[in-house]
Amino acid sequence: PASAPARAMRFDLPVLDIFGSARCTVVAGETLADAWALARAAWPNIDKSHDPGDEACTIEVDDRAVVLVARDVDVATFAHEALHVAAWVLRSRDMPFSYENEEGVAYLLGWVMRHAWPPVAAWRAAAPVTTSAPRRPRARRAPPAAGPLS
């Protein structure tokens, strides 16, 4: 008999040496709450809280960007979080995020998508989403001018 799919998985991306050994991890859960539970088990010092209205989020913990997603995350939402990772890499390395380094931002975004989306997509495909509730319409909050990642 096949084993039940894991409710949450952690994917550590390769270290990005070109940007000062930046580290990124993706934590995917059956639900976003499952992803938060696995992240809290891995990093007990997380000081952020889970917002049940979020579809996904990116936080910083122990000098790493951690992307938290539910199994039903779509590629557009994942790319949104990947941009937060790119912004975090630049900000945490005291590099400005501006028009002048647009190519670097594009490189970082592509790097995150190339390394993070395939394992998440494979995990998603391993088992169907178990919830039958209709997906809520996406309601994005306006991004803060500066401060924590969303």
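Student: Is D62 buried, partly exposed or exposed in this predicted model?
Tutor: D62 sits in the loop between strand 3 (56-60) and strand 4 (65-70). Its relative accessibility comes out at 40%. Buried needs under 20% and exposed needs over 50%, so D62 counts as partly exposed.

Student: And which residue other than glycine has a positive phi near 55 degrees?
Tutor: Look in the loop between strand 3 and strand 4. D62 is there, and it has a positive phi of about 50 degrees without being a glycine. The value near 55 degrees belongs to D63.

Student: How about the relative accessible area of D63?
Tutor: D63 also lies in the loop between strand 3 and strand 4. It counts as partly exposed, because its relative accessible area is 39%.

Student: How many disulfides does the structure hold?
Tutor: A disulfide is a covalent bond between the sulfur atoms of two cysteines. C24 is buried at 2% relative accessibility, and C57 is buried at 4%. For a disulfide, two cysteine sulfurs would have to be within 2.5 Å, and the count for this structure is zero.

Student: Which element gives the most residues to the largest nonpolar core?
Tutor: That core has 29 residues, with V26, V69 and F78 making the most contacts inside it. Strand 2 (24-29), strand 4, helix 2 (75-92) and helix 3 (102-126) each give two or more residues. With nine residues, the top contributor is helix 3.

Student: What does V69 touch, leaving out residues up to four places away in sequence?
Tutor: The list includes A28, G29, T31 and A56. It also has V27, L32 and A35, which are among the twelve residues of another core, apart from the largest one.

Conventions:
Residues numbered from 1 in each chain as written. Predicted model: local features only at pLDDT ≥ 70, side-chain atom pairs only at ≥ 80, totals over all residues. Heavy atoms only, no water. Helix = DSSP H or I, 4+ residues; strand = E, 2+ residues; numbered from the N terminus. Buried < 20%, exposed > 50% of the residue type's maximum accessible area, 1.4 Å probe, protein only. Core = buried A, V, L, I, M, F, W, Y, C linked by side-chain atoms within 4.5 Å. Contact = heavy atoms within 4.5 Å.
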